[in-house]
Amino acid sequence: MRYPTPRELGLAARALADEHPGEVRLRQAGTSRAGQPLWVLSVAAKGGAPGGAPGGAPGGADRNVLVVAGAHANEPVGGATALSLARRVLDDPAPRAGCGWHFLLCADPDGADLHRTPHPYSLLDYHRNFFRPPGPEQPEWAPSLLPPDRLPPETLVLMALIDELRPVLQASLHATDLGGSWVQLTRDVPGLAEPFGTSAAELRIPVENGASDAAGWPSPGPGIFVIPQPGSEAAGAFHPEDTRLSTWYHAHRYAGTTAIVEVPMWASDLVDDPTPHPDPRGALRMLADRLTSDAALVAAVRGGDDVRPGPQTYEDPAAATLLRAVDWTLALIPRIAAEWTAGAPAEATAAYIASIDAFGRRLSLRAAAMLLRVLRAQGHPAAPGLDRLVTWWCEDFAARFGARWVPVATQVEHQSRIVLAAYDRLVAADRAERAG
C-alpha cells in the first residue's frame, strides 16, 4: 500500500460511488487556487440518501461526521485513511445508523501535488520532494492568520461543508514524520483514551505522551490532549497560529467536536518514555542553541543575492511557493528558541524533551529541504553543500530516534480505528446525557 495522489483519490472515489449508486455519492464541493477539484465522498446514513435533499436535514441524516484529509500537504496518509473509512462504514451498518459520513478527500490538492512522496523509503527520500505551505496558505489554519476577506478558497469550502453538515464529529487526519501517535480534541471525548491506547499497542505505534504541539494542555489519558477553550490564556505551543481560531473550532457553533488524529510515518520509542528527564531546562537550552545554529546555516544560503523569490528566475515554476514556505519556517525559529530558553519547565518527562528535540530538528530540515529543491532547479553552486547537509540531518535524525517505518496500511488502520472510536464515544455520551 502506498500514499495515493489527489488524482488517484478522485478516481478511487468515483469507482466506489459507481459501485454503490444508492448509498455513495461523489461531488465537487469547490476548486483550489490552481483550479483543482475539491472532492467530497458521502456514504449515506442507513436508510437515508447520500447528500440529502435541499432544505432537508443536513446530509439527509440525524447526524453527520465530516472527515478531512490532506489539510497539510506533507501528511499524505489522510487520503488513504478516508477511502478505507468510507469502505468500512459502507460495509458496517453500525456507524451508519442515523449518521451520514462525509469525506473531504484532499483539502489542499495543490500542496499535495508539490509534496511528492507516494512511497518514501527513508527520511531522506521523504524530504527530497518536501513541501509544507506557510500558515496563511494552510486550509485549516488560515482563519487564525488572515482576515475573512482573504481566506483561500480551500478554507471557504471547508467552512461551507461544516455549515452544511453541522457535524457531530469533525475528524482531521494528520501525520508526523517521526515520533508517535496522539489525538488533539476541541472538547473532551470521554473514554477515548482506552481504545486509542489499545490500538497503538496492538499496532506497535508509540504513544506521544509529551507532544510538543500540546504542551501544557489538559490530558485525560496518555496521548489524548484537549485544546484549551477559546478565551483562555493558553494557545498553541510554539506556533504563531491560534488553533482555537482554526476551522477545527468552526464545528462548535453546531455543538460539534473536532478530533485531530496524528500517526507517525516512522515510529520512535523515545516519545513514549514517561520517566522524568534529569535536566529539562538544560536540555531545552541546548536544543534552542542547536535550533538557532542550524537555522543560521540555512538562512545563510537563503540570504544569497542570487536566491530570489521570483518564479521567473528558475525552471521550476513552484520556486516562489517553496521560498515563501522557507521564509515562513525560518521566521518561526527565533521566537521558538526564545520560548524554549525562557519557558522551560522545572519538571518534564523524557518523552516531552524528545518531542521538542524532534520538533526542532524538523523545522531546520524542512526549510533546508525546500530551499534545496529551488537551488537544484536553478543549478545553484550552493546546492551540493546544502544537499550534504540535508542528507546528514536526515540520517542523524533517524539514528538518534531509532526510526522504524510504520507501513501505510498500519497508519491507515490506526487512524480509522480512532475516528470510529471517537464517534462511538460521542454517541454514547450523547445518549447517556439524554437518558439522564
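These exercises work through helix packing, pockets, a cavity and selected residues in a predicted model.

**Exercise 1. Classify the packing of helix 1 and helix 2, and describe their contact.**

Step 1. Locate the pair. Helix 1 covers residues 6–19 and helix 2 covers residues 77–91.

Step 2. Take the geometry. The packing angle is about 10°, and the axes lie 10 Å apart.

Step 3. Classify. Angles under 35 degrees count as roughly parallel. Helix 1 is therefore roughly parallel to helix 2.

Step 4. List the contact residues. Helix 1 brings Leu9, Ala12, Ala13 and Leu16. Helix 2 answers with Gly79, Ala80, Leu83, Ala86, Arg87 and Leu90.

Step 5. Sort them by class. The contact of helix 1 with helix 2 has eight nonpolar residues, one polar and one charged.

**Exercise 2. Describe the largest pocket: its volume, its lining and the residues nearest its centre.**

Step 1. Start with volume. The largest pocket has about 480 Å³.

Step 2. Go to the lining. It consists of 21 residues. Nearest the centre of the largest pocket are Arg63, Val168, Ala255, Asp430 and Arg434.

Step 3. Assign elements. Strand 3 (63–68) and helix 11 (408–435) are the elements that give two or more residues to this lining. Helix 11 has the largest share, with six residues.

Step 4. Sort by class. The lining of the largest pocket holds 12 nonpolar, two polar and seven charged residues.

**Exercise 3. How many cavities of 30 Å³ or more does the whole structure hold, and which residues line the second largest cavity?**

Step 1. Count. The search finds two cavities of 30 Å³ or more.

Step 2. Give the volume. The second largest cavity has about 30 Å³.

Step 3. Name the lining. It is made by Leu287, Arg290, Leu291, Asp294, Trp340, Ile356, Asp357, Gly360 and Arg361.

Step 4. Assign elements. Helix 7 (280–302) and helix 9 (350–378) are those that give two or more residues to the lining of the second largest cavity.

Step 5. Sort by class. This lining has four nonpolar, one polar and four charged residues.

**Exercise 4. Is Leu330 buried or exposed, and what does Leu330 contact beyond its sequence neighbours?**

Step 1. Leu330 sits in helix 8 (residues 319–342).

Step 2. Apply the cut-off. Buried means under 20% relative accessible area. Leu330 has 16% relative accessibility, so Leu330 counts as buried.

Step 3. Leave aside neighbours within four places in sequence. Leu330 then contacts Ala295, Val298, Ala299, Arg302 and Ala367.

Step 4. Take one pair. Leu330 and Ala295 are 35 residues apart in sequence, yet their C-alpha atoms are 6.7 Å apart.

**Exercise 5. Describe the backbone and exposure of Arg166 and Arg204.**

Step 1. Arg166 lies in the loop between helix 5 (153–165) and strand 5 (169–179). Phi of Arg166 is near 45°, a positive value in a residue other than glycine.

Step 2. Arg166 counts as partly exposed because its relative accessibility is 42%.

Step 3. Arg204 lies in the loop between helix 6 (193–202) and strand 7 (224–226). Phi of Arg204 is near 60°, again a positive value in a residue other than glycine.

Step 4. Arg204 has 56% relative accessibility, so Arg204 counts as exposed.

Methods: Residues numbered from 1 in each chain as written. Predicted model: local features only at pLDDT ≥ 70, side-chain atom pairs only at ≥ 80, totals over all residues. Heavy atoms only, no water. Axes fitted to C-alpha atoms, helices over the stretch in contact; angles between N-to-C directions. Helix = DSSP H or I, 4+ residues; strand = E, 2+ residues; numbered from the N terminus. Parallel < 35°, antiparallel > 145°, perpendicular 65-115°, else oblique. Contact = heavy atoms within 4.5 Å. Nonpolar A, V, L, I, M, F, W, Y, C, P; charged D, E, K, R; others polar. 1 Å grid on protein atoms, 1.4 Å probe; cavity = no way out; pocket = protein on both sides within 12 Å on 5 of 7 lines; lining within 4 Å. Points joined across faces, edges and corners; volume = space filled by probe spheres on them. Buried < 20%, exposed > 50% of the residue type's maximum accessible area, 1.4 Å probe, protein only.
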